[in-house]
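The following paragraphs lead through one structure, part by part. Please keep the sequence and the 3D view at hand while reading.

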Amino acid sequence: MITTRFAPSPTGFLHLGSARTALLNYLYAKHTEGKFILRIEDTDAKRSDKSLSAKIIEALKWIGLEWDEEYYQSERIDIYKKYAYQLLENGFAYRCFCNPDEIEKKTKNNIIWKYDKNCLKLSQDKIDKLLKDNTNFVIRFNVVNDGNKITFYDNVRGEVSFDKEQVDDFVLLKADNYPTYHLAVCCDDHLMGVTDILRGEDHLTNTPKQILIYNAFNWEPPRFYHLPLIHGSDGKKLSKRHGSVDTLFYKRMGILSETLVNYLTLLGYSPQENKELFDMSELIEKFDIKRIRKSYSRFDLKKLVSINSEKIRNLKNERIYDMLSEYEEFNRLTQGFNKEYILKGIELIKTRMPTLRDFFDRAKYMFIEPESYDEKGLKKYFKENTKDLLLQLKIELEKLDDFKETNIENSLRSLCSRLNIKDAELIHPLRIVLTGYTVSPGIFEVIAHLGKKVVVERIENARIRLSI
RNA sequence: GGCGCAUUCGUCUAACGGUUAGGACAGCGGGCUCUCAAUCCGCAAACAGGGGUUCAAUUCCCCUAUGCGCUACCA
């Protein structure tokens with residue numbers, strides 16, 4: 001059985017790149033009917049805090065992921081400690097009593113670029129004495145350069161190899177008895193039965209260290225897939241500089257989780273068919289791990305929004321209503337209006353709202369009389385006779401018994417033809433009066449939707465306002 | 001600096017040695033039309049460079065360039 005995992009470190013939010021990593025692990029596990037594990041890597045005692053994991057979990061849930069098991073490494077430190085000592089006893093690792101500040105000084109001054117193995121030369125007597133004095137120490141892996149390369153197969157890139165000379169005697173167990181990433185990740189992946197690791201390419205150079213650990217324990221390494229990174233529009237690794245990298249930010253800006261899932265999956269991955277719109281279940285069904293690309297891709301907000309816009313207009317009004325209900329602004333705006341009216345409003349706006357949030361501006365006129373009119377529109381469309389035209393239209397509309405779209409259109413158009421003016425001469429000012437803007441859904445739809453009372457009212461108010 | 005990885009339109013990508021190098025987003029132009037969308041039609045736009053291998057290279061190999069990543073008692 002395939003078992004994958006997502007292993008974030010709790011930094012307070014789910015990075016967009018991590019969200020994609022999580023997603024691909026999830027898709028692969030689900031596609032193969034395997035297991036997907038969430039493991040919080042909170043072994044940095046200085047920076048970790050259990051509360052920080054909550055945001056990450058919230059974001060994972062928002063994008064629709066579910067996991068079969070959930071672990072916190074901070075609750076498992078005894079396990080890692082035990083394994084670190086096992087390597088120590090078996091001669092794969094050694095205690096290092098060096099002062100970290102001194103090592104840092106040496107590397108900074110280019111005296112060494114990796115640890116010089118000084119403590120490997122310590123005699124047993126010396127070690128015993130240091131231990132007796134309670135000297136702080138770490139446990140380092142002893143990388144023995146036997147001239148062989150460390151090679152492994154990456155399922156995205158093929159065979160990758162590293163010279164052992166290039167691998168530092170990395171720390172396994174820190175002075176505070178917490179494990180480093182390398183130790184913890186290997187122990188957990190082994191213990192939890194993880195078979196396939198999909199992770200960012202930034203981990204590619206960590207892999208030889210981990211292979212060394214697997215070998216030392218005589219464990220079979222999992223399959224590796226190093227995913228190309230997501231970059232910003234300038235080609236650099238995606239970070240705060242490029243806008244928000246917080247996954248939940250996109251929820252706040254009105255992106256559907258389905259959009260993000262769709263977009264993120266197709267970044268660096270392509271389905272067989274020439275199609276771009278997928279929902280989660282299709283992605284799971286069709287997921288083919290062989291189709292992950294090797295090279296990085298740039299995050300393009302425009303494309304994300306374009307997919308979002310397409311998803312929104314394919315959605316049922318009712319679903320959009322539910323999603324909008326999660327925004328306070330929506331509830332405030334639509335308070336006191338019946339659901340049928342609101343749903344009709346959604347129907348009118350949904351081909352014009354790239355993000356959910358766009359509803360608040362574009363549909364505002366449906367709920368609140370415009371406080372002011374678009375300045376440029378006034379200049380462009382209001383003529384000497386406009387006020388009079390509006391009055392005549394008001395009279396015509398008041399005569400209508402059945403206030404529906406076709407009747408309204410007939411009434412307006414015949415009025416214009418009687419007055420011998422172009423329909424547009426009346427329609428443009430009318431739009432401004434009713435909505436405040438020069439842009440809106442079709443005018444007859446707007447009139448029918450607002451209803452006779454509101455339309456008449458707004459025309460009257462406009463005549464008063466424009467007289468001043 | 002060292003090591004590793006990558007390189008097709010502006011962007012996301014397709015192509016498994018032979019194609020007028022395909023699609024999508026963005027851009028531009030047009031149709032529809034009361035505006036804006038939606039929709040329809042069209043335009044422009046790419047194989048990083050150089051060597052090989054081959055009857056034939058975007059595709060395979062090598063070199064160069066460029067970009068990115070890693071180089072912690074962070075993960």
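A residue is called buried here if 20 or more other C-beta atoms lie within 10 Å of its own, the C-beta atoms being placed from the backbone. The model is a predicted one. In helix 20, the buried residues are Ile-443, Val-446, Ile-447, Ala-448 and Leu-450. The elements covering these residues include helix 18 (405-419), helix 19 and helix 21 (452-467). Just after helix 20 comes Gly-451, with a positive phi of about 95°.

The loop between helix 19 and helix 20 holds Pro-441. Pro-441 counts as buried because it has 20 C-beta neighbours inside 10 Å. Apart from neighbours within four places in sequence, the contacts of Pro-441 are Leu-348, Ile-349 and Val-446. Val-446 is also one of the buried residues of helix 20. Thr-351 lies 90 residues from Pro-441 along the chain, and the C-alpha atoms of the two are separated by 9.4 Å.

Helix 19 also packs against helix 17 (residues 386-399), at an angle of about 80° and with the axes 10 Å apart. Helix 17 is therefore roughly perpendicular to helix 19. On the side of helix 17 the contact is made by Thr-386, Leu-389, Leu-390 and Leu-393, and on the side of helix 19 by Leu-426, Pro-429, Leu-430 and Val-433. Sorted by class, the residues of this contact are seven nonpolar, one polar and no charged.

The next topic is RNA strand B. Around RNA strand B there are 58 residues, of which Glu-41, Tyr-181, Lys-237, Ser-295 and Gly-442 come nearest. Helix 19 provides the largest share of this surface, four residues. Elements that each supply at least two residues include helix 4 (100-108), strand 7 (158-163), helix 11 (301-314) and helix 20 (443-450). By class, the surface near RNA strand B has 19 nonpolar, 20 polar and 19 charged residues.

Now to the strands. Strands of a sheet pair through backbone hydrogen bonds, either parallel or antiparallel. One open sheet has three strands in the order 1-2-3, with parallel pairing. Its edge strands are strand 1 (3-6) and strand 3 (69-72), each of which pairs on one side only. On average, neighbouring strands of this sheet are turned by 25° against each other, direction ignored. Strand 1 and strand 2 (residues 35-40) run parallel and are joined by four bridges. Thr-3 has Lys-35 of strand 2 as its bridge partner. Helix 1 (residues 16-31) packs on the sheet and touches strand 1 and strand 2, its direction making about 160° with that of strand 1.

Another parallel pair is strand 9 (residues 196-200) and strand 10, joined by five bridges. Leu-198 is bridged to Tyr-225 in strand 10. Strand 10 (residues 223-227) is largely enclosed by the rest of the structure, because four of its five residues are buried.

Is Arg-140 buried or exposed? Arg-140 has 26 C-beta neighbours inside 10 Å, so it counts as buried. Leaving aside neighbours within four places in sequence, Arg-140 is in contact with Ala-93, Tyr-94, Cys-96, Tyr-115, Asp-169, Phe-170, Val-171 and Leu-172. Lys-61 is 79 residues from Arg-140 along the chain, and their C-alpha atoms are separated by 38 Å.

Note on methods: Residues numbered from 1 in each chain as written. Chains lettered and ligands numbered in written order. Predicted model: local features only at pLDDT ≥ 70, side-chain atom pairs only at ≥ 80, totals over all residues. Near = placed C-beta within 6 Å. Nonpolar A, V, L, I, M, F, W, Y, C, P; charged D, E, K, R; others polar. Axes fitted to C-alpha atoms, helices over the stretch in contact; angles between N-to-C directions. Parallel < 35°, antiparallel > 145°, perpendicular 65-115°, else oblique. Contact = placed C-beta atoms within 7 Å. Buried ≥ 20, exposed ≤ 12 C-beta atoms within 10 Å, placed from the backbone. Pairing = 2+ DSSP bridges.
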